[in-house]
Amino acid sequence: MSTTVEKIKEIEAEVARTQVNKATKKHLGILRSKLAQLRRELINPTTHGGSHGGEGFEVARTGVASVGFIGFPSVGKSSLMTRLTGTFSEVAEYEFTTLVATAGVIKHKGAKIQIVDLPGIIQGAKDGKGRGRQVIAAARSCQLIFLVLDVLKPLTDKAVIEAELEGFGIRLNKQPPNITFKKKDKGGLNITSTVPLTNIDHDEIRAVCHEYKISSADIAFRCDASVEDFIDVIEGNRIYMPCIYVLNKIDQISIEELDMIYRIPNCVPISAKEGWNYDELLDTMWEKLDLVRIYTKPKGLQPDYSDPVVLKSNAKSCEDFCNVIHKSIAKQFKHAYVWGSSVRHSPQKVGISHQLADEDVVTIVKR
């Protein structure tokens with residue numbers, strides 16, 4: 001492990017001291033490719049005997065989505081966890097209080113959402129310092145990150161933690177680059193673009209492919225991508241995840257400072273100790289998770305608004321709805337009647353591929 005970390009540090013130092021210009025862009029592309037491959041070794045270690053991560057990182061998944069708390073030690077993650085879920089996570093006025101992952105469940109708008117309080121990370125976590133690798137690896141399986149920050153400490157903490165997550169293949173509040181990459185057996189590199197490429201040229205693309213030992217591929221750019229974006233597509237193991245920056249301890253700052261904090265994108269200021277602004281935090285969480293609630297209506301009865309079926313926004317067809325209830329229902333599906341915003345008139349008879357909307361009411365008719 002130490003050998004890989006040393007190689008990463010050497011390449012990072014070379015990247016830092018290399019001036020960016022037309023003559024060095026190709027060389028920098030090669031260095032970043034090597035860096036990405038070394039990072040992959042850290043994410044997926046090949047050492048025998050396990051990772052010795054310690055207890056507390058195997059969290060059983062419950063609910064329709066998982067939200068992970070990440071932050072430096074003693075920023076208030078455990079207090080926030082206890083307030084939101086009622087699950088006790090050890091709290092004290094010193095750093096590294098939480099040493100294992102603690103999970104709880106919150107019910108919001110009828111959906112059960114799992115909250116995971118992860119141990120505090122330190123700078124250098126992506127290189128194996130502390131228990132950072134286990135913490136960040138656990139975060140990769142979440143659907144949303146709460147990046148908990150202390151408003152009394154410099155907001156440079158935000159940049160440091162983002163760099164640690166970037167090093168582990170987690171991209172916060174970003175969309176995957178619109179690049180199509182398809183390997184082939186022969187024919188060389190076929191590079192096309194539908195937009196002008198201002199951050200990468202064909203020589204850099206060929207240099208990166210050479211570093212990955214790719215001699216033939218069809219590559220289509222549909223966005224003005226950078227070298228890092230192209231490497232992310234080749235690696236194929238990046239996680240693009242929404243994030244809320246939770247700025248805690250606002251009970252210790254002035255109104256003027258609070259106004260400045262609100263200018264930070266994707267930020268929700270709170271006080272875990274006083275319980276301030278939790279409503280906004282939960283509403284923002286719901287918006288970021290992008291979940292869809294569907295209410296069932298048995299034939300001849302009133303809709304059941306107490307226990308909705310919760311779907312993800314990218315899987316909200318009638319077939320997905322049936323599969324969540326029970327997989328056998330989709331096989332017996334004849335048609336459905338839908339009340340709500342996804343249909344032109346209520347009720348409307350729809351097929352199994354119909355896309356549902358939030359708070360639709362559905363009656364399924366079997367064959």
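Me: Before we start, what are the ground rules for the model and the numbering?
Reply: The model is predicted, so local features need pLDDT of at least 70 and side-chain atom pairs count only at pLDDT 80 or more, while totals for chains, interfaces and linings use all residues. Residues are numbered from 1 along each chain as its sequence is written, and side-chain values use heavy atoms, with hydrogens and water left out.

Me: OK, strand β3. Is it mostly covered or mostly open?
Reply: Mostly covered: six of the seven residues in β3 (residues 111-117) are buried. Buried means under 20% relative accessible area, exposed over 50%, and partly exposed in between (1.4 Å probe, protein chains only). Strands are DSSP runs of E with at least two residues, helices are runs of H or I with at least four, and both are numbered from the N terminus.

Me: Which strand runs antiparallel to β3?
Reply: That's β2 (residues 102-108), joined to β3 by seven bridges. Ile-106 has Ile-113 in β3 as its bridge partner. Two strands pair if DSSP finds at least two bridges between them.

Me: And what sits between β2 and β3 in the hairpin?
Reply: Two residues, and Lys-109 takes a positive phi near 55° there.

Me: Which way does β1 pair with β3?
Reply: In the parallel sense, over five bridges, with β1 covering residues 65-70. Val-67 stands opposite Ile-115 in β3.

Me: Switching to charges: how many salt bridges are there?
Reply: Ten in the structure. The criterion is a side-chain nitrogen of Lys or Arg within 4 Å of a carboxyl oxygen of Asp or Glu.

Me: What does Arg-293 pair with?
Reply: Its side chain meets that of Asp-358 at 2.9 Å, N to O. That pair links distant parts of the chain, 65 residues apart: Arg-293 is in strand β12 (residues 291-296) and Asp-358 in the loop between β15 (348-350) and β16 (360-366). Arg-293 also forms a salt bridge with Glu-359, the closest N and O atoms being 3.7 Å apart. Glu-359 lies in the loop between β15 and β16, so this pair ties together parts 66 residues apart in sequence.

Me: Is Arg-293 buried or exposed?
Reply: Buried, at 10% relative accessible area. Asp-358 is partly exposed at 31%, and Glu-359 is partly exposed at 43%.

Me: Last one: which buried residues does helix α7 have?
Reply: In α7 (residues 227-235) they are Val-227, Phe-230, Ile-231, Asp-232, Ile-234 and Glu-235. After α7 comes Gly-236, with a positive phi near 75°.
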